[in-house]
Amino acid sequence: DWGQFAITLSEPAPENLRVGYGISGKADPGKKNDYLLKDGRKVLGDDRRNNTIVVGKGERRVLIDVVPLGDRDYTEGDEEVILRLENGNGYIVGKHNKDTVTIEPYAPGGRRRGG
């Protein structure tokens with residue numbers, strides 16, 4: 001299963017607005033390839049800082065999907081992906097500036113660990 005982050009503006013974007021974010025957590029987007037971040041079909045940045053996503057003119061919300069990859073290391077525990085919004089040009093980040101998606105490993109046979 002995948003998770004999702006929603007970035008919501010208090011009012012529609014007056015023009016295309018680049019919103020900055022950083023990524024942290026136990027899940028590894030690098031060499032272990034635990035997940036991808038996507039905006040629809042486009043793969044997004046997953047660096048610790050200075051990634052951006054565009055909220056289109058007139059839009060108030062954009063979604064970032066967390067797509068787990070075929071990790072078959074069943075000994076891994078739950079892994080977190082944490083997205084934190086960064087202040088930027090044309091917007092101010094409110095006090096709810098981060099959220100977490102948890103990737104749970106699957107047991108052999110396609111069942112979630114623990115039932």
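1. Buried means under 20% relative accessible area, exposed over 50%, and partly exposed in between, computed with a 1.4 Å probe on protein chains only. The structure is a predicted model, in which local features need pLDDT of at least 70, side-chain atom pairs count only at pLDDT 80 or more, and totals for chains, interfaces and linings use all residues. Residues are numbered from 1 along each chain as its sequence is written, and side-chain values use heavy atoms, with hydrogens and water left out.

2. Asn50 is exposed, at a relative accessible area of 62%. This residue sits in the loop between β4 (42-43) and β5; strands are DSSP runs of E with at least two residues, numbered from the N terminus. Although Asn50 is not a glycine, its phi is positive, about 65 degrees.

3. Asn51 lies in strand β5 and counts as buried, at 5% relative accessibility. Its side chain reaches the backbone nitrogen of Asp46 at 3.4 Å, and a polar atom of that side chain lies 2.7 Å from the backbone oxygen of Asp47.

4. Leaving aside residues up to four places away in sequence, Asn51 touches Val19, Gly20, Tyr21, Gly22, Ile23, Gly45 and Asp46 (contact: heavy atoms within 4.5 Å).

5. The largest nonpolar core has 24 residues, and Tyr21 and Ile64 have the most contacts inside it. Such a core is a set of buried Ala, Val, Leu, Ile, Met, Phe, Trp, Tyr and Cys residues joined through side-chain atoms within 4.5 Å. At least two core residues come from each of β1 (3-8), β2 (17-24), β3 (35-39), β5 (51-55), β6 (61-68), β7 (79-86) and β8 (98-103). The largest share, 4 residues, is supplied by β2.

Note on methods: Polar contact = N/O pair within 3.5 Å; in protein donor to acceptor, adjacent residues only side chain to side chain.
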